[in-house]
Amino acid sequence: MNETYRNAPVRLGRTLKDVAGKALGKNGLAFGALLTDWPSIVGSRLADQTSPLKLAFPAAQRDNATLHLRVTGPAALLVQHEEPLIIEKINAFMGWRAVARLKLVHGAPVLKTKSYTIAPVRRLSPVAEAKLHDSTAGVEDPELREALERLGRALGATGV
């Protein structure tokens, strides 16, 4: 019964370190957290102008790393001025003194921040609403009729 099958599913936790380790390097977990949460760490103002490139720890240490940071030209002066605050934010996020200094590399940031703003809801005109209600009036099932009306409102509001 203890046979292992070649095509048997494998838990993600067993393979994640191998896959992520190759992609992110030997400091993968710490650097991966910086990559995914960069906008929430430094704020959207700096996240649009910067992106982390590499996290270099001193030999045989797990703290006081140098964070290589890609920075646009205009933002470099701002980042230099706010370096102690940025390092403090990074270390607070990590939970230990992970970063001791920043090394700025000139270039456009590779990370793009996503805008999660909700689009304003557009309503149907009263004429279109009445037309939609008339077209679904023949449907006997109330749940289906309601679903069709929601679909009609969504399509009508987007202009399709």
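I take helices (H or I, at least four residues) and strands (E, at least two) as DSSP runs numbered from the N terminus, and on that basis I count seven helices and three strands in the protein. I keep in mind that this is a predicted model, in which local features need pLDDT of at least 70 and side-chain atom pairs count only at pLDDT 80 or more, while totals for chains, interfaces and linings use all residues. Residues are numbered from 1 along each chain as its sequence is written, and side-chain values use heavy atoms, with hydrogens and water left out.

Order of elements: reading from the N terminus, I find α-α-α-β-β-α-α-β-α-α.

Sheet: I looked up the three strands and found an open sheet with mixed pairing in the order S1-S2-S3, where two strands pair if DSSP finds at least two bridges between them. Strand S1 (50-56) and strand S3 (99-106) are the edges, each with a single partner strand, so one side of each has no neighbour in the sheet. S1 pairs with strand S2 (residues 65-71) in the antiparallel sense over six bridges, and I note that proline 52 has leucine 69 in S2 as its bridge partner.

Helix pair: I then checked contacts, meaning heavy atoms within 4.5 Å, and saw that Val79, Gln80 and His81 in H4 meet Glu83, Pro84 and Ile86 in H5. By class, I list three nonpolar, two polar and one charged residues there, with Ala, Val, Leu, Ile, Met, Phe, Trp, Tyr, Cys and Pro counted as nonpolar, Asp, Glu, Lys and Arg as charged, and the others, Gly among them, as polar.
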